[in-house]
Amino acid sequence: MNIHVNYDDLIPNNVALSDDLRLKRALESWHPGYIDWWMDMGPEGFQQAEVYLRTAVSVDPKGWAKFDYVRMPEYRWGILLAPQVEGRTVPCGEHYGEPAWQEVPGEHRALLRRLIVIQGDTEPASVEQQRHLGSTAPSLYDMRNLFQVNVEEGRHLWAMVYLLQKYFGRDGREEAQGLLQRRSGDADKPRMLGAFNEATPDWLSFFMFTFFTDRDGKMQLEALAQSGFDPLSRTCRFMLTEEAHHMFVGESGVGRIIQRTCEAMNQAGVTDAHDIGRVRDLGVIDLPTIQKKANLHYSLTLDLFGSEISTNAANAFNAGIKGRFQETRIDDDHKLHGTTYPVLEYRDGGFATVDEPALTALNARLRDDYSEDCRKGVQRWNKVIEKTGVAFELALPHVAFHRKVGQFSGANVTPQGEVIAAETWQARQGEWLPSDADMEYIHSLMTPVLGTGAFAPWIAGPKVGIDNKPGDFEYVKLA
Ligand SMILES: [Fe+2]
Ligand SMILES: [Fe+2]
């Protein structure tokens, strides 16, 4: 088992790259374009800063990363696959139980390539979305976390490009170029998925994005980690190790904002969380606005799961190239013929739960698993509020609220799940989604705090530092 990274190569890897000269040349010729993209579209204004980053040096669960100061353009983006599991079999679909494939199954080549490109496209997209945030960081600690997420999304792009170049020949090389050419939010060459073309204008947006939208990434990676195409499975399994930190950054970031808001309210004797004027006078972000931001990011992210009923999803599962969340832990035949899954549907102006064929309902199922994962995180935020004694509870909005994709698109539904007239929705949406005034207020707080150990007044410090460092550790040495 080769779990140590080969640092002799330009591209650190545990895939014996030096034995595959054709692939090595393809990656080395892609590398300069990647660096150009990083310099153009990566963290603006901080390319020369020395950042205390973790770099994946191994896939050994006991110690896969090392921490050190590094300038981001010199980060060692590598290609790391989780160790091969001896005797692994295709975990789902019509090839269930057959040995997992080490090469692309010819009949499913196009579908597989498409899935890899879509996943790959999200990775650089989020770096582009977040590129202006460094200049308004609420602390060096947060700035470091942002950059950690950014370099790891860069590595995830490498991971997908590796698969494209190794297994998909000329098509793969063209797709790898395309991944460097599209741009988040660009009118002519946008990124492939909606939520990855939205702006991430401030740090609350960043934390919400990493909580909600990186969590979609986690769910997709979980499903692809169940692929019968073993190199994809191994790649995604290692990416999930890094993704856990992105979830942490989002959840703890919002949690610390909530913490600070509640503390400020308590100190000032403000008991009504809905008295937005008084809370904002304290220079913190009121809880109703945090709820609105959650409504926005959750609903945008639900759209990423696609149509609830999907033959593409059924085909991918049948083919054994994309499984369900935790496929191998599910106790059924893993083929889903003749079984059903309950799907919430919008019919005649109301909702009904309909038993749909389980195979075509896989997107709905993965989205339900995602919602459940989000719900647990929101509960942990509510614990933070509860401990301070402030009377307020955050909640996920109804799944049909503010949707643009799938059967709820076009429906006008409140966060509580009440179907209303289009005009009413238009008139009231400012109650549920951040208004321009809300965004302006958040924006007004975004002044950088760059002293070691100092934090912006609208966010609490973390309980513990990164890599067990003390609170006043210099996480970023500014150039
Ligand atoms: Fe990623
Ligand atoms: Fe991520």
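**Contacts and the core**

Trainee: Leaving aside neighbours within four places in sequence, which residues is phenylalanine 212 in contact with?

Mentor: Contact means heavy atoms within 4.5 Å. With neighbours within four places left aside, phenylalanine 212 is in contact with Ala294, His297, Tyr298, Thr301, Tyr370, Cys374, Trp381 and Leu396. Keep in mind that this is a predicted model, where local features need pLDDT of at least 70 and side-chain atom pairs count only at pLDDT 80 or more, while totals for chains, interfaces and linings use all residues. Residues are numbered from 1 along each chain as its sequence is written, chains are lettered from A and ligands numbered from 1 in the order in which they are written, and side-chain values use heavy atoms, with hydrogens and water left out.

Trainee: Which residues touch the most other members of the largest nonpolar core?

Mentor: The general idea is that in soluble globular proteins, nonpolar side chains tend to be buried together. A nonpolar core is a set of buried Ala, Val, Leu, Ile, Met, Phe, Trp, Tyr and Cys residues joined through side-chain atoms within 4.5 Å. Here the largest one has 118 residues, and Phe212, Ile258 and Ile290 touch the most other members. Helix α3 gives the most to this core, with 16 residues; helices (H or I, at least four residues) and strands (E, at least two) are DSSP runs, numbered from the N terminus.

**Buried residues**

Trainee: Is leucine 163 buried or exposed?

Mentor: Leucine 163 lies in helix α3 and is buried, because its relative accessible area is 0% (buried means under 20%, exposed over 50%, partly exposed in between, with a 1.4 Å probe and protein chains only). Not counting residues up to four places away in sequence, leucine 163 touches Ile116, Phe168, Pro231, Leu232 and Thr235.

Trainee: Where is histidine 334 found?

Mentor: Histidine 334 is in the loop between α9 (311-318) and β3 (340-347). With a relative accessible area of 7%, histidine 334 is buried. Beyond its neighbours within four places in sequence, its contacts include Pro91, Tyr96, Phe317 and Arg324.

Trainee: How is phenylalanine 305 placed, and is it buried or exposed?

Mentor: Phenylalanine 305 lies in the loop between α8 (287-302) and α9, and a relative accessible area of 4% makes it buried. Beyond neighbours within four places in sequence, Asp216, Met219 and Tyr370 are among the residues in contact with phenylalanine 305. Asparagine 197 is 108 residues from phenylalanine 305 in sequence and 16 Å from it in space, C-alpha to C-alpha.

**Packed helices**

Trainee: How do the axes of α3 and α4 cross?

Mentor: Two packed helices are described by the angle between their axes and the distance between the axes. Axes are lines fitted to C-alpha atoms, for helices over the stretch in contact, and angles run from 0 to 180 degrees between N-to-C directions. The axes of α3 (residues 140-167) and α4 (residues 169-181) come within 6 Å and cross at roughly 155°, so α3 is roughly antiparallel to α4 (under 35 degrees counts as roughly parallel, over 145 as roughly antiparallel, 65 to 115 as roughly perpendicular, the rest as oblique). Leu157, Val161, Leu164, Gln165 and Tyr167 of α3 meet residues of α4 including Gly169, Ala176 and Leu180.

Trainee: At what angle do α1 and α2 pack?

Mentor: Helix α1 (residues 21-41) and helix α2 (residues 109-129) pack at about 30°, with their axes 9 Å apart, which means α1 is roughly parallel to α2. Trp37, Trp38 and Met41 of α1 make this contact with Pro124, Val127 and Glu128 of α2.
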